[in-house]
Amino acid sequence: MTQPNGLYIHIPFCIKRCSYCDFNSSVYQADTASRYIAALGKELGGVKDFPYKTVYIGGGTPTAMSKKELDELLSAISSSLNTRRIREYTVEVNPGTINARKAALLKERGVNRISLGIQSFSEKGLRLLGRIHSRRDSLDAFSTLREGGFNNLSIDLIFGWPGQSLKDWEEDLSGALELDPEHISAYCLAVERGTPLARQIRSGRVLRPDEAAQLDMLKKAISFLTPARNGYTHYEISNFAKKGRRCLHNITYWKNLSYMGIGAGAVSYLDGRRTSNVKDILRYIARIEAGKSPKTFGERLAPRRRAAETLMMALRMTSGIKEEDFTRRTGFSLRELYGDVIDGLCESGLISMKRQRLRLTRKGLFVADSVMMEFI
Ligand code: SF4
């Protein structure tokens with residue numbers, strides 16, 4: 001069996017739900033959190049023997065938990081995994097949920113990368129997105145983490161929210177550059193069904209995001225962050241990194257390599273078999289407490305589908321994929337499977353094939369979703 005590269009640990013708690021969010025999380029409750037951590041500890045026991053290169057604790061908001069709960073979780077990880085062998089150990093943090101004592105704890109337990117969910121420096125944007133924090137909280141959180149000794153900080157920004165102008169977005173990008181993080185993720189806002197934001201838009205209280213404006217904002221992010229003076233490489237559709245600071249954990253997903261996920265709703269992918277845990281937090285806890293597997297879904301991907309997913313994920317990265325790597329990973333020849341599609345997309349200028357490397361062109365990058373659909 002292939003060894004999974006990364007371990008994802010899901011913490012499904014937040015202080016309050018943001019208006020646009022459809023992630024698997026609910027409002028933090030101390031009694032559920034403590035049972036959840038105990039359940040995670042048990043699940044961890046079953047997956048601890050792999051030599052993970054990366055660990056990613058995401059959510060939700062892991063730092064919505066108390067310092068004591070966080071300590072219990074990190075201690076369980078330290079005693080189960082050889083954290084010295086882990087190259088990248090990330091925790092997601094939200095402004096308003098971190099202080100010097102929690103930052104010191106993360107550092108002490110071997111966490112070496114933080115992903116900070118700033119999303120916007122605009123108070124208007126933060127209100128619309130339903131975030132719990134202010135601009136000031138974001139600046140304070142960033143300096144608390146820097147002062148806590150973290151030299152690998154990533155910040156998340158969201159663009160294209162209703163009413164956001166290109167100037168607002170430029171101000172967010174400038175605000176990010178002022179902090180000088182090692183990594184920036186810039187995600188386009190998606191209006192997900194069933195979220196408060198979707199309801200506000202449907203009722204006419206909030207404007208629908210403008211897709212053309214969103215495209216201009218992605219272009220702006222690339223032109224703003226990547227000049228030599230700013231030092232960021234655009235390495236994935238939504239991600240920018242300084243030298244040596246690309247997110248190794250996410251690269252596992254984009255290379256369609258094996259990974260393990262634990263916690264409510266977490267997905268694992270091993271040797272072409274995808275499984276996922278029950279999503280509901282209380283049902284997850286109940287299954288683990290009853291000694292049952294939390295997995296409620298599993299599928300083995302047919303080789304062709306695995307190959308298609310490998311290609312679509314690889315095209316998210318600006319480096320694309322080499323023909324020989326595609327063959328090594330999937331057992332198929334890129335040309336045999338997709339020769340006609342590749343020729344057509346090359347002719348339209350949406351992808352390029354140079355020196356046996358297939359990648360999106362700049363034009364293709366801005367319509368990436370529809371390009372990728374061609375490979376299904
Ligand atoms: S903090 Fe993140 S996970 Fe929690 S509600 Fe907001 S967007 Fe969703």
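This is a predicted model: local features need pLDDT of at least 70, side-chain atom pairs count only at pLDDT 80 or more; totals for chains, interfaces and linings use all residues.
Reader: Which residues other than glycine have a positive phi, and where does Gln119 lie?

Author: Gln119 is one of them, with a phi near 70°. Gln119 belongs to strand S6, residues 113–119. Asp180 is another residue that is not a glycine, and its phi is positive at about 60°. Asp180 is found in the loop between helix H6 (166–179) and strand S8 (183–188).

Reader: What makes the peptide bond between Gly59 and Gly60 a cis bond?

Author: Its omega is about 20°, and the bond is cis. Most peptide bonds are trans. Gly60 lies in the loop between strand S4 (54–59) and helix H2 (67–80).

Reader: How do you know that the buried residues of H10 line one face of the helix?

Author: The buried residues in helix H10 (residues 281–289) are Ile281, Tyr284, Ile285 and Ile288. Viewed down the axis of H10, these fall within an arc of 95°, so they line one face of the helix. They pack against S2, strand S3 (26–27), H1 and strand S13 (273–277).

Reader: What is found at the start of H10?

Author: A side-chain oxygen of Asp280 comes to within 3.2 Å of the backbone nitrogen of Leu282. The limit for a polar contact is 3.5 Å, so a distance within 3.2 Å meets it.

Reader: How many aromatic pairs does a search of the whole structure find, and why is the pair of Phe13 and Tyr36 called edge-to-face?

Author: The search finds ten aromatic pairs. A pair of aromatic rings is described by the distance of the centres and the angle of the planes. For Phe13 and Tyr36 these values are 5.4 Å and 80°. Centres within 6.5 Å make a pair, and planes over 60 degrees apart count as edge-to-face, so both conditions hold for Phe13 and Tyr36.

Reader: What makes Phe13 and Tyr36 a link between distant parts of the chain?

Author: Phe13 is in strand S2 (residues 13–14) and Tyr36 is in helix H1 (residues 30–45), 23 residues apart. Phe13 has a relative accessible area of 1% and Tyr36 has 0%, so under the limit of 20% both count as buried. Phe13, Tyr28, Tyr36 and Tyr284 form one aromatic cluster.

Reader: Why is the pair of Tyr259 and Tyr269 called tilted?

Author: The ring centres of Tyr259 and Tyr269 lie 6.1 Å apart, with the planes at 35°. Stacked requires under 30 degrees and edge-to-face over 60, so the angle of 35° makes this pair tilted. Tyr259 in strand S11 (residues 259–262) and Tyr269 in strand S12 (residues 267–270) are ten residues apart. Tyr259 is buried at 13% relative accessible area, and Tyr269 is buried at 2%.

Reader: How do you know that Lys107 lies over the face of Phe150?

Author: Lys107 lies at 5.3 Å from the ring centre of Phe150, and the distance limit is 6 Å. Lys219 lies over the face of Phe366, at 5.2 Å from the ring centre.

Reader: Why is one side of S15 and of S16 left without a neighbour in the sheet?

Author: The open sheet has the order S15-S17-S16, with antiparallel pairing. Strand S15 (321–322) and strand S16 (351–354) stand at the edges, each with a single partner strand, so one side of each has no neighbour in the sheet.

Reader: What makes S17 a partner of S15 and of S16?

Author: At least two bridges are needed for two strands to pair. S15 and strand S17 (residues 357–360) have two bridges, and four bridges join S16 to S17. Leu358 in S17 is the bridge partner of Ile321 and of Met353.

Reader: Which residues of S17 are on its covered face, and which on its uncovered one?

Author: Leu358 and Leu360 form the covered face, while Arg357 and Arg359 form the uncovered one. In a regular strand the side chains alternate between the two faces of the sheet.

Conventions
Residues are numbered from 1 along each chain as its sequence is written. Side-chain values use heavy atoms; hydrogens and water are left out. Rings of Phe, Tyr and Trp (its six-membered ring) pair if their centres lie within 6.5 Å; planes under 30 degrees apart count as stacked, over 60 as edge-to-face and the rest as tilted. Buried means under 20% relative accessible area, exposed over 50%, partly exposed in between (1.4 Å probe, protein chains only). A charge sits over a ring if NZ of Lys or CZ of Arg is within 6 Å of the ring centre and within 35 degrees of the ring normal. The arc is that of the directions from the helix axis to the C-beta atoms. Contact means heavy atoms within 4.5 Å. A polar contact is a pair of N or O atoms within 3.5 Å; within protein, one must be able to donate a hydrogen and the other to accept it, and residues adjacent in sequence count only if both atoms are side-chain atoms.
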